[in-house]
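Student: I have the sequence and the structure open. Can we go through the aromatic rings?

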Amino acid sequence: MFPQDRIENWAHGQGLWARVPAEDWNDWRWQMRNRIATAAQLEALMPLTAQEREGLRAAAGRLAFAVTPHFFNLIDRGNPACPVRLQVVPRAAEGVVSADESDDPVGEEKTSPVPGLVHRYPDRVMLISTDRCACYCRYCTRSRLVSAVRGGGFRPQLEAAFRYIAAHEEVRDVLVSGGDFLLLSDEKIDYVLERLRAIPHVEIVRVGSRVPVFLPQRVTPELCAVLRRRGPIWMNIHVNSPRECTRETAAALERLAFAGVALGSQSVLLRGVNDDEEALRSLVHRLLMMRVRPYYLYACDKIRGSAHFRVPVARGVELIRSLRGWTTGFAVPQFVVDAPGGGGKIPVNPDYVETFLPDGSVRLRNFRDEECRY
Ligand SMILES: *Cc1c(COP(=O)(O)O)cnc(C)c1O
Ligand code: SF4
């Protein structure tokens with residue numbers, strides 16, 4: 001049995017749109033055209049809670065609401081607590097803003113030398129290539145600029161970004177993020193990668209994308225050919241709950257892997273979505289079955305109106321402890337807090353060291369909480 005055959009979930013095999021011909025369903029443009037993007041469309045497809053109705057009203061004018069049919073089919077429509085639903089359907093709690101939340105919680109604007117370029121770390125930059133995503137995550141750190149809901153003010157200045165990177169020889173690593181880079185046309189993606197490859201000191205190019213999860217149909221052979229030609233590309237996908245790991249996503253990831261793309265994943269620790277041992281374990285196991293190495297688990301940034309998603313950092317550490325030693329070492333992501341204000345990602349780990357002793361030895365505890373001395 002191929003490992004990915006253990007992924008039992010098919011988006012097209014369940015839920016709605018059963019009569020849509022496969023050639024439409026598998027066409028990413030059909031998926032984009034048929035996104036559920038208004039409260040009325042959503043209400044027609046499933047019963048909403050009062051909280052969600054109010055959330056949808058408040059979302060207009062803030063972060064856009066949009067869900068592809070593919071991702072929508074992963075929602076358990078009878079369950080208001082469905083982990084897929086919680087990520088994309090607005091709730092009234094988005095309107096509750098606490099004093100320590102903001103529009104730019106990790107201080108991207110103040111380390112941005114060119115609109116759309118963030119230079120926070122010494123040797124690497126992040127390029128925000130577009131403000132569009134296939135679906136919008138309600139806890140998005142970049143909701144100040146994605147989805148164009150506030151009049152579409154964001155325009156990445158790609159040429160200025162290329163000039164900046166070319167002029168800064170210390171930049172050896174470029175992370176192309178968004179929004180979602182893979183929503184650009186193949187030609188545009190090829191162009192951006194070509195320009196980055198032409199800069200001699202850029203050693204690695206990586207892409208952050210949720211497309212393989214929200215819109216796996218976008219991972220076409222033509223796109224894979226571009227990524228292969230401009231490779232090696234490192235790609236981090238973003239996936240939070242085991243339900244999101246579908247056959248379609250597994251197949252898209254296989255196409256990417258066969259094009260030479262090195263795959264990792266980032267997850268955000270979210271209340272009700274993945275803050276329990278079973279969900280997190282199942283998620284990382286499925287990622288490995290799909291050739292994806294878990295990379296980061298993020299504490300949810302303090303974006304405006306996200307308190308209902310937040311999980312205590314101590315609980316995150318407990319969850320990491322529940323994985324380390326109990327499962328495949330490389331299934332365990334690094335838990336990080338992205339420092340408020342722009343200090344960068346800070347690893348937060350369970351502590352296995354009891355004491356460092358003066359003779360150079362150390363008293364430790366293993367994953368079973370047994371003491372040992374080294
Ligand atoms: C996360 C991030 C990076 C990449 O960080 P790594 O720890 O190297 O994966 C680079 N720039 C910015 C602004 C980031 O937020
Ligand atoms: S895919 Fe990423 S950039 Fe887009 S809405 Fe979700 S978290 Fe934000």
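**Aromatic rings and their partners**

Tutor: In this predicted model, Arg91 lies over the face of Phe309, 5.1 Å from the ring centre.

Student: Which arginine lies over the face of Trp28?

Tutor: A charge sits over a ring if CZ of Arg is within 6 Å of the ring centre and within 35 degrees of the ring normal. At 4.4 Å from the ring centre of Trp28, the residue over its face is Arg218.

Student: How many aromatic pairs does a search of the whole structure find?

Tutor: Rings pair if their centres lie within 6.5 Å. Searching the whole structure on this basis gives 9 aromatic pairs.

Student: Are the planes of Trp17 and Phe72 stacked or edge-to-face?

Tutor: The centres of Trp17 and Phe72 are 5.7 Å apart, with 90° between the planes. Planes over 60 degrees apart count as edge-to-face. The pair of Trp17 and Phe72 is therefore edge-to-face.

Student: How many residues apart are Trp17 and Phe72?

Tutor: Trp17 is in the segment before α1 (22–25), and Phe72 is in helix α5 (residues 69–72). The pair links distant parts of the chain, and the separation is 55 residues.

Student: Is Phe72 buried or exposed?

Tutor: Phe72 has a relative accessible area of 1%. Buried means under 20%. Phe72 is therefore buried.

Student: Which residues do ring pairs link into a cluster with Trp17 and Phe72?

Tutor: The cluster has Trp17 and Phe72 as members.

Conventions. Residues numbered from 1 in each chain as written. Chains lettered and ligands numbered in written order. Predicted model: local features only at pLDDT ≥ 70, side-chain atom pairs only at ≥ 80, totals over all residues. Heavy atoms only, no water. Phe/Tyr/Trp six-rings, centres within 6.5 Å; stacked < 30°, edge-to-face > 60°. Helix = DSSP H or I, 4+ residues; strand = E, 2+ residues; numbered from the N terminus. Buried < 20%, exposed > 50% of the residue type's maximum accessible area, 1.4 Å probe, protein only.
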